[in-house]
Amino acid sequence: MLHFKDTPKNLPASTCRCLRKVGPMPVTELKAIFKRFDTDKDGRLSKHELRNAFASLGSRLPGWRAGRGLKLADRNGDGYISDEELEVLLQYVFKCGYTNK
């Protein structure tokens, strides 16, 4: 079970406003958005690529979001988000304001 202790101190996790609300987004669509930002096509996302992805989603702090997302999802510690780790990253994104309903 993941614990999300990285939301701003003045907001509970359930009301995190780090991403703009654009309505429900299917998991497959969100995955496609993140994969589109794999600019070097190596099958994994670097912190810089994550930052650009969060910026495209409307994050107020895309660099910070990318760092927190990488810290939570990078299970093997290589500094990248692989396809296997993308599911954990998507949980983080949903926690920050998206739903997959």
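**Ground rules.** I am working with a predicted model, where local features need pLDDT of at least 70, side-chain atom pairs count only at pLDDT 80 or more, and totals for chains, interfaces and linings use all residues. I number residues from 1 along each chain as its sequence is written, and side-chain values use heavy atoms, with hydrogens and water left out.

**Lysine 41.** I looked up this residue and found lysine 41 exposed, at a relative accessible area of 63%. Lysine 41 sits in the loop between helix H1 (27-36) and strand E1 (44-45). Its phi is near 55 degrees, a positive value in a residue other than glycine.

**Whole chain.** I counted 4 helices and 2 strands in the protein chain; helices (H or I, at least four residues) and strands (E, at least two) are DSSP runs, numbered from the N terminus. Along the sequence I read the pattern α-β-α-α-β-α. Of the 101 residues, 43% are buried. The chain exposes about 5,900 Å², and carbon and sulfur atoms supply 53% of that; the areas come from the Shrake-Rupley method with a 1.4 Å probe, and for residues only the protein chains shown count as cover. Contact means heavy atoms within 4.5 Å. Among contacts with a separation of 6 or more, 61% join residues 24 or more positions apart.

**Arginine 44.** Next I went to strand E1, where arginine 44 is placed. Arginine 44 is partly exposed, with a relative accessible area of 29%. Which residues does arginine 44 contact, leaving aside its neighbours within four places in sequence? I listed Asp38, Glu49, Asp78, Tyr80, Ile81 and Ser82. I also checked arginine 44 against glutamate 85: they are 41 residues apart in sequence and 9.2 Å apart in space, C-alpha to C-alpha.

**H3 and H4.** Glutamate 85 turns up again in this helix pair. I found H3 (residues 62-73) and H4 (residues 83-95) packed at an angle of about 130 degrees, with axes 9 Å apart. That makes H3 oblique to H4, since angles under 35 degrees count as roughly parallel, over 145 as roughly antiparallel, 65 to 115 as roughly perpendicular and the rest as oblique. The axes are lines fitted to C-alpha atoms, for helices over the stretch in contact, with angles from 0 to 180 degrees between N-to-C directions. H3 brings Trp64, Arg65, Arg68, Gly69, Leu72 and Ala73 to the contact, and H4 brings Glu85, Val88, Leu89 and Tyr92.

Methods
Buried means under 20% relative accessible area, exposed over 50%, partly exposed in between (1.4 Å probe, protein chains only).
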